[in-house]
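Please open the model in your viewer and keep the sequence panel beside it. The stops below say what to select next and what is there.

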Amino acid sequence: MIGRLKGAEQDGRGAAMTMGECGDGGAPAIRSLCILCGSREGNDPAYRQAAIRLGQLLAQCGVRLIYGGGSIGLMGVVADTVLAAGGE
């Protein structure tokens with residue numbers, strides 16, 4: 001889970017599938033998060049979907065993404081999603 005995310009359901013791999021709310025309405029417990037992902041998306045479309053959901057949650061909860069600047073693979077998916085959702 002990210003920070004104090006509540007209501008996240010888990011799939012068999014532990015990825016957050018749905019989201020209730022972020023924290024208690026104040027500042028997020030985690031302000032920045034460093035994420036390292038693969039330079040490929042993998043063989044299972046679920047990996048890409050989990051990366052998209054993670055990016056959405058980061059932006060929604062105001063958690064800044066820190067990464068190595070990669071624009072391909074799962075790292076690119078997370079980064080592009082955060083930016084598209086208005087995050088940083």
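Which residues does Met75 touch, not counting residues up to four places away in sequence? Select Met75, and you will find that it touches Ile35, Leu36, Cys37, Gly38, Leu65, Tyr67 and Gly70, where a contact means heavy atoms within 4.5 Å.

Before going on, note that this is a predicted model, in which local features need pLDDT of at least 70 and side-chain atom pairs count only at pLDDT 80 or more, while totals for chains, interfaces and linings use all residues. Residues are numbered from 1 along each chain as its sequence is written, and side-chain values use heavy atoms, with hydrogens and water left out.

Next, colour by secondary structure: the chain has two helices and four strands, arranged along the sequence as β-β-β-α-β-α. Helices (H or I, at least four residues) and strands (E, at least two) are DSSP runs, numbered from the N terminus.

Now select Ile35, Ala51, Leu58, Leu65, Met75, Val78 and Val82, which have the most contacts inside the largest nonpolar core, a set of 13 residues. Such a core consists of buried Ala, Val, Leu, Ile, Met, Phe, Trp, Tyr and Cys residues joined through side-chain atoms within 4.5 Å; buried means under 20% relative accessible area, exposed over 50% and partly exposed in between, with a 1.4 Å probe and protein chains only. Helix H1 (45-60) and helix H2 (73-84) each give two or more residues to this core, and H2 gives the most, with six.

Finally, select Cys34 and Cys37. Their sulfurs are 9.7 Å apart, too far for a bond, a disulfide being a pair of cysteine sulfur atoms within 2.5 Å. Cys34 is exposed, at 51% relative accessible area, whereas Cys37 is partly exposed, at 33%.
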